[in-house]
Each structure stands twice: as structure tokens, then as C-alpha cells.
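Here is a protein chain to get to know, one piece at a time. Have a look at it first, and then read on.

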Amino acid sequence: MSDPSPHESLRDKTELSLDESKKFQNEDIKKILRAWLEENERTLIDQKNVGEFNGVMMQWFHWYTADDGNHWKRLKEEAPNLAKAGITALWLPPAYKGMNGAKDVGYSTYDLFDLGEFDQKGSVRTKYGTKGEYLSAVRECCSYGIEVYADAVFNHKMGADLQEEFEAVPLDDNNRHHALGSARKVSAWTGFSFPGRGSQYSEMKWGWQHFDSVDYNTLEPEARVVWQVKDKPLENNVDGERGNYDFLMGCDLDLDHPEVKDELKRWGEWTLDTTGSRGFRLDAIKHINSDFFVDWIQHIEKYAGRDVFVVGEFWTYDINTLCSYASRTGGQMSLFDAPLHFNFHKASESGGYFDMGSILNGTLVKEAPLLAVTLVENHDTQPMQALESPVADWFKPLAYSIILLRAEGYPCIFYPDYYGATYSDYGTDGNLHAIEIKSHRHIIDRLLLARKYFAYGEQYDYLDSQDVIGWTRIGTQLHPFGLAVLMSDGPGGVKTMNTGRLNTPYVDLTEQCSEIITTDNNGSADFRCEGGSVSVWVEVSALEFHQRQAANLS
């Protein structure tokens, strides 16, 4: 028998700890995960085969992306600019048909195999364009060395083609362990026949037996309950909110059903083969049995014959829950660092009274950096959305400096933060609100330049103040020029930091500070930043060198 893989080893250690100790503490799981990451760091990095590479992902959409059908066309045109800026991967929106056709963001999933090819739900194209335009855009991105990650919604389906009758038990939506009656006949929209696509790409037709719960019964339209299909238990290993947070919306997939599991594996294979995607973003994983993803990822990687990048959206601000999930899934997927986002949100709303020295406390990037996808905003946290918690404009340069210029984490840039966005929507107050998100492209491009050329090597932290914090990167043999970063959420300040470069002049790449600062015989200098801003100090000679290189290439 062969030795277990590092991922199997982590799952085994986690389950053993849970079984052995009736007094299992959250700190235990963090210790297990931290020790496992330290022990397997080299193996995990080698699996990804990236070498000395500062990758940057961008979420290339937001909730209010124009529904004009030209999104894929715009992406194809923008691909060379993204590559030049330093973007190495794109998380694209769900490319398949949603229940609202050409106006659907994609998360109301109808047909995973319709990429804007069939006349279904009132249109051929999706909100973003046609299948041909999508594939053309992905090919263009790949030609510039940009990887594409496909968005996968496995939790639910919506917009069924026909109603079906079956028996189900009404559950209290706020406590799914509490039944509000016995099993009885219901009629629900659970039949998916895909009349526009037929059996092309997949012959499977979905019926009530492929789901374990629904949110609407036409025989009792006023009932606000979860209808749990008779004799189907609640899923294990899901978030514990509401007693059991398996059900989220629509028709909840029964991921214990062999036909469902096989179909989702088939779709993963088909997506890799058809689109050229190199990885996946998994939606709403807190509502899905974690064991399913262990099996699914192993299957997809075996099929592809390589490491497939996978990042999951388990949206919680509790670091213990995230670490537990990462351990239960054997560290096979990365996770979005929701607690870090929330720290950014709180800091930006604190009027300069946030303890900047604690900005990384309780975050995934601190506890499990190799598994953390760091972000400032996303489509759920933007104004007027379900998890609305925006980061104020003045703080975004600081937040992006943290995710782009530190050694830990895989940073993800949000589309409106780069391009800007204007839209309107109705709020919980019933009123229509006009929203404008400011473009921070100028400063993000500066930070991307710094990440591409200077953010390498050992990192020395100076996170010892409530207001003014910083760090330095020392560089490597391949990237010998380091940097120094200093920021403040209050008044400007000065901090003595060491760069390892003796008697070397530095200039502020952000142009917030105009002077040149020179290190002493020990490689230290009093670096400065203005109030409520960030300064990124790089060597004058290094910046001039890379500017000459860029001019020669253009």
C-alpha cells in the first residue's frame, strides 16, 4: 500500500483529532493546519510548478456588468493590456445559461452545458455573449499567458422546464432540524429537459429525484419553508447556520445521488476540454458537503493529469471555520480570505482609529497563507448586494498594497476597482440608489509594477504601530531589487526599516512623497508616508532600468 498523499494525511489528522478529543478546540485545528503547511510547503509549491512567480488574479466582472452581450468581446480586446499590466489569471463569470437568459448574472444556474449556444430562456446568448465569443476570448487570454478560471455553481439549479409531484417534509427555514409537519405531496418546478439543447454534450435530464430540497411548492404557495424531499437526510459537513445550511435557493442538488455526482464530474472534464480553462472558482461551498469536493477535485486532476487550481467561496468571517474547512478538504483547494476583506472594511470605516498593527489578525493569509486568495472586494460585497461591506475609496490603495506586495497569499483584483463602475439598484429601504465605484487603475497599475519586479524575497515586518505600519522585501537572485512599503490610516509618519541594500537611494513609486531617501551603511533608512495613504519605495536605479526595458519593448 502506498503512503498517503499530503492531502490525505491532513484529512486523516483532522478526523483523528475530532474523534479522539471530546474537548476539541478551534486552536487545535489551526495548529494542525499550520504544521501541515510548514511540513509540505515545498511539495505544495512544486505541485503548482510556478517557480519564482508573482501571479495576480482579477475577477473580471461584477454583479452589474452590462447585459449588452459584449463582455466577451471586451475581454478579447483587453487581454493584451491585462497581460502588460501584470494580470496572470482571470476569474470569469458563470459562462452558462441562467434562468433569466440574457439578463442573468449566471448564479441562477439553468444549464451548465449551454455557453450561449442554444435558444433557451429567451435567448441564445448569455448576459456576456455567445459561446463562440467566449471561447475566442479565452483563447486570446491564453495566447498572452493569462490563465482562465471557470465559475462553477454546483449548489442549485433554477428555472426548470416542468413541474413534478413528489413527497416532501416542510422544515423551519431558521432551524432546518425542526420539521413543521409530516411528509406530504408537493408540486415543484424540478424537471429540467433542456428543450433547446436536447441531448447534445449530455443526455442527462434532471428530475425531482436529483434534488434534496426546494423552496417553493405550488400547492402551498404562501408557505415560507424549506421542502425536504421525503427520506432524504440533510447533508453532512455543511455550515451550521440555521441548524444546517445545506439549502440555499432553488432546487438544491442531491450530491449523494450517483447520477448527479457523475454529471458534475462530466461537466468538469467537458469544461477543461471545451474552453481551455485552467481552474475553477467554486460557488457557495458552505452549503455543500465538503466530502463531495474532495472527490470531485481528485477526479478532475486525475483526468487533467496535472494540478488544477481551485478556489472555493466559503464566505465567513470566522477564521476557525475556514481553517476547519481547509483541513477537512485536505488543503486541496484555496479559499477566499473573507476575514481579511472584513478587516479592510472595518479599517476604512474607522476614521483612522483602527489598529493597523492588527490588520492581519484572524485572517486566512496569516493562518494558512498557501491556501489564501486575498481580495479587497467582490461582487457580493459591493454596494447593493447581499454581503454589502464596501471598502472606502481612501483605504483601497492601502488594501491593495497589502494583498499585492506582501509575500503571502494569491491576490485577486476586483473589476470595478480597476475600471470603475456606475449602476443603480433598489435597496432594502425600497428606494432606488445610484452607485458609483471609483477607478483605482492608476495606483493598482503602480502596485502591479512593484509586484512584478520588486516584491520578492524575504519579508521583514514593521507592524508595530496602531497607525503607521510597513514591511520590506529583500529580493532574490533572480529579482535582486527589493522594496519598502509604509502606510498609515491616520497622520503621516516615519519608520526606520531595513532593506538589506546599503547606501542606496529610493523613490516613492506612488508619487505620494517626492523626495529621495537613501539607506545608510547598514541598509536602513527612515521611510515616510503621508496621512491616510501608502508609499512604495523602490530603488531609483532599478526603476530606471525597468522603465528603459519597457520603452525598448513598446
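## Before we start

What you see is a predicted model, so local features are only described where pLDDT is at least 70 and side-chain atom pairs only count at pLDDT 80 or more, while totals for chains, interfaces and linings use all residues. Residues are numbered from 1 along each chain as its sequence is written, and side-chain values use heavy atoms, with hydrogens and water left out.

## The whole chain

Let's zoom out first. The chain has 13 helices and 27 strands. Here, helices (H or I, at least four residues) and strands (E, at least two) are DSSP runs, numbered from the N terminus. The radius of gyration is 25 Å, close to the 24 Å that the globule rule gives for 554 residues, so the chain is as compact as a globular protein of that length. That radius is taken over C-alpha atoms, and the globule rule is 2.2 Å times the number of residues to the power 0.38. Along the principal axes, the C-alpha atoms fill a box of roughly 80 × 55 × 55 Å.

How much of the chain is buried? Of its 554 residues, 56% count as buried. Buried means under 20% relative accessible area, exposed means over 50%, and partly exposed is in between (1.4 Å probe, protein chains only). As for contacts (heavy atoms within 4.5 Å), take those with a separation of 6 or more: residues 24 or more positions apart account for 68% of them.

## Helices α3 and α4

Now for a helix pair. Helix α3 (residues 71-85) packs with α4 at an angle of about 15 degrees, and their axes are 8 Å apart. The axes are lines fitted to C-alpha atoms, for helices over the stretch in contact, and angles run from 0 to 180 degrees between N-to-C directions. α3 and α4 are therefore roughly parallel to each other. For the angle words, under 35 degrees counts as roughly parallel, over 145 as roughly antiparallel, 65 to 115 as roughly perpendicular and the rest as oblique.

The crossing of α3 and α4 is left-handed. A crossing gets that label if the near helix is turned anticlockwise from the far one by less than a right angle, and it is right-handed if clockwise. On the α3 side, W72, K73, L75, K76 and A79 make the contact, and on the α4 side E133, Y134, S136, A137, E140 and C141 do. These residues divide into six nonpolar, one polar and four charged. Ala, Val, Leu, Ile, Met, Phe, Trp, Tyr, Cys and Pro count as nonpolar, Asp, Glu, Lys and Arg as charged, and the others, Gly among them, as polar.

## Helices α5 and α6

Next comes another pair. The axes of α5 (residues 258-275) and α6 (residues 290-304) come within 10 Å and cross at roughly 40 degrees. That makes α5 and α6 oblique to each other, and their crossing is right-handed. Residues in the contact include L264, G268 and L272 of α5, along with W296, I300 and Y303 of α6. By class, the contact has seven nonpolar, two polar and five charged residues.

## A covered helix

Is helix α10 (residues 396-405) mostly covered or mostly exposed? It is mostly covered, with ten of its ten residues buried. Among them are K396, Y400 and L405.

## Loop residues worth a look

Y144 lies in the loop between α4 (131-143) and β5 (147-152). Its relative accessible area is 39%, so Y144 is partly exposed. Leaving aside neighbours within four places in sequence, Y144 is in contact with A79, P80 and A83. Y144 and K121 are 23 residues apart in sequence, and 34 Å apart in space, C-alpha to C-alpha.

G475 sits in the loop between β21 (468-473) and β22 (483-488), and counts as buried at 17% relative accessibility. The C-alpha atoms of G475 and G500, 25 residues apart along the chain, are separated by 9.0 Å. Finally, F194 is in the loop between β9 (184-191) and β10 (211-214). Phi of F194 is near 50 degrees, a positive value in a residue other than glycine. F194 counts as buried, at 1% relative accessibility.
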